[in-house]
Amino acid sequence: MPGDLLLALDVGTQSTRAIVFDARGTLISKAQIPILPVAHAPQPGWAEQDPEAYWQAIGEACRVLWAKGEVRPDAIAGVSLTTQRSTLVNVDRDGNALRPAILWTDQRRTEGLKPVGGWWGLLFALAGMKATAAYVQGEAEANWVMTYQPDIWARTYRVMFLSGFLTHRLTGRFIDSSGCLVGYLPFDYKAKDWAKPFDWKWQAIRMERDKLIELAPPTAPLGAITRAAAEATGLPEDLPVIAAASDKACEVLGSGSLDPHLGALSFGTAATINATSRRYLEVIPLLPPFPAAVPDAYNLEIQIFRGFWMVSWFKREFGLLEQMIAEKEGVQVEAVFDRLVEAIPPGSLGLILQPFWSPGLRVPGLEAKGAVIGWGDVHTRGHFYRAIIEGLAYALREGLERISARTGVRVTELRVAGGGSQSDQAMQITADVFGLPAARPHTFEASGLGAAIDAAVGLGLHPDFATAVRDMTRTARVFEPDPASQRLYDDLY
C-alpha cells in the first residue's frame, strides 16, 4: 500500500526538481538537476530545447532522491507535475517529439497571416483590438510550425505544452491539466476547456481540433505511472498521477494566496504579480486571466517578461568582482550582491531603471524598451544593481494597480516566492515600494508545494483547498514597510 507522502515534479526553465512533502507541507527531501535553459538557438531571439532532456532530468532527479535514503518510493501516495508555461511540443502517435520544443522565451513571430475576419474581425475593429488579435496570431508557435515546417505539421499527431508531453511520459495518456494551459492554443480561458467551434481563436490559429489532447481540472486523476515510467524514475507502477497546474499558478497556491486580498509576487526568471479570483476578470481587455491551481479560480496576472533574469544578466555582465569575492569567502554570490545593495540608500540616489529588456503585450506594451535614467558621477555598479531590484518592484506595483483599477480587487498583503525572494534586501525593497507587508513562504519551493497541495486534495488527504492551504502553507518572515523609505519610493514612483 502507498504511504502518505506527496511527490511534486517541478520542471522549470533552468532546473528540474523532485520534491517530497508531507500532508503538513513540510519538505522531507529534494533532488535538483540543472538543465541548459536553451539548447538550440538557430537564430537570434529563438529558443528551443529537446523535450527529452526534461524527461531525462525527471528520471535523474528521482533516482538521486531515492539514493539519498530520506524517502522510500513506496512511501509516496501520489505524484503531481508542474512545469514552465507555454513551451510547445509536436509529437507523433507514440508521443515522440518531432522537433525541438519551442520555449516560452522564444521571440520568433509569424508574419503575413490572414487576419481574423467576419463578425469577430468587425468587433475587434470597433473595439480597437485588431492589433491584439494580430499579435496573438503572430506569437502562436503552432502558426509558425504550420507556416514554415508544413512537413512537421503534417506528421504531428498531437500538439501540447511541455506539461502534456511529460504527463504522457508518466502515464502513457495524451492528457494534461487545464491548469497548465497558458499559451497560444485555441483555449477558452473562461470555460477552462478547448474553444467552441465559433470562437475567434480558431481563426487566429487555424489548426485541426483532433490534434489537441484531453484536459482534466486540477486535483483530477491524469492516470497512473506506467511500467516504462516506473523503470525510468524508480516510482511504483500504477501510482496515481494527479493534475496540478503551471509553475506560476502552483507558486501562487503554494505561497498561500488563496484569497484575493493576498497578492502573490513571483521573483523568478519572469517576474509576476497575481491575485486569485473566483470571477473571470480581464485586467486588459481581450487578454484573459490564467487558470489557477484551484479548479474554480483564476489568476489575475501581470508579468514582467525579463524579471529576475535581469539579476542573472547583471551578474554575468558586470559581476565578476562579486563572483571572485564569493569564491574567496566560500559563500553564494547572491550574498555578496545583497551586501552591495545594503550599502546603497533607497532610491539609488536618483538612478531609475525601467525593466523592459524584453517588452510584453500586457505591460507596458510592445513599444516599450528598457532604460536606465538619472546617471550621475556618484553612481556605481552597486547603484545599478539596486536600481534593477527597485525597477522590478515599481513595474510590479504598476501591475497591481492595473489589477485593482480594472477589477476592484484590493490587495492588503503580499506573499513573495521565487529565487529572488531569498534576498532580504529584495524583500525589504518590495515592502517599501508597495507600502505593504511582504511575507516569505516557509519553503523556497512554493511551486512544488502548490503542486503537492493539488495532489493532497485530489487524493483526499485534505477535504478542500481551504484546509490544505491552512495546514500546508505558512510564512517564514514578514518584512514591514519602512515609513521613510516608503515615502521616498512613492515620490520616485
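1. Leu126 is exposed, at 68% relative accessible area (exposed is over 50%, buried under 20%, partly exposed in between, with a 1.4 Å probe and protein chains only). Leu126 sits in helix α2, residues 118–127. Helices here are DSSP runs of H or I with at least four residues, strands are E runs of at least two, and both are numbered from the N terminus.

2. This is a predicted model: local features need pLDDT of at least 70, side-chain atom pairs count only at pLDDT 80 or more, and totals for chains, interfaces and linings use all residues. Residues are numbered from 1 along each chain as its sequence is written, and side-chain values use heavy atoms, with hydrogens and water left out.

3. Leu126 also belongs to a nonpolar surface patch with Trp119 and Leu122. Together they have about 420 Å² of accessible area (Shrake-Rupley method, 1.4 Å probe; for residues, only the protein chains shown count as cover). Patch residues have over 30% relative accessible area and no salt bridge; nonpolar side chains (Val, Leu, Ile, Met, Phe, Trp, Tyr) are joined within 5 Å, like charges within 9 Å. A salt bridge is a side-chain nitrogen of Lys or Arg within 4 Å of a carboxyl oxygen of Asp or Glu.

4. Next, an open sheet. Its 6 strands run in the order β3-β2-β1-β5-β14-β13, with mixed pairing. Strands pair if DSSP finds at least two bridges between them. Twist averages 20° from one strand to the next.

5. Inside that order, β5 (residues 76–83) and β14 (residues 240–242) run parallel, joined by 2 bridges. Ser80 has Ile242 of β14 as its bridge partner.

6. Helix α15 (residues 446–458) lies across β1 (5–11), β2 (15–21), β5 and β14. It runs at about 135° to β1. Contact means heavy atoms within 4.5 Å. Axes are lines fitted to C-alpha atoms, for helices over the stretch in contact, and angles run from 0 to 180 degrees between N-to-C directions.

7. Strand β15 (residues 262–267) has 6 of its 6 residues buried. In a regular strand the side chains alternate between the two faces of the sheet. On one side of β15, Leu262, Ala264 and Ser266 are buried; on the other, Gly263, Leu265 and Phe267 are buried too.

8. What does β15 pair with? Strand β21 (residues 413–417) runs parallel to β15 over 5 bridges, with Val416 the partner of Leu265. Strand β16 (residues 271–277) pairs antiparallel with β15 over 4 bridges, and Asn274 is the partner of Ala264. β15 and β16 make a hairpin with 3 residues between them.
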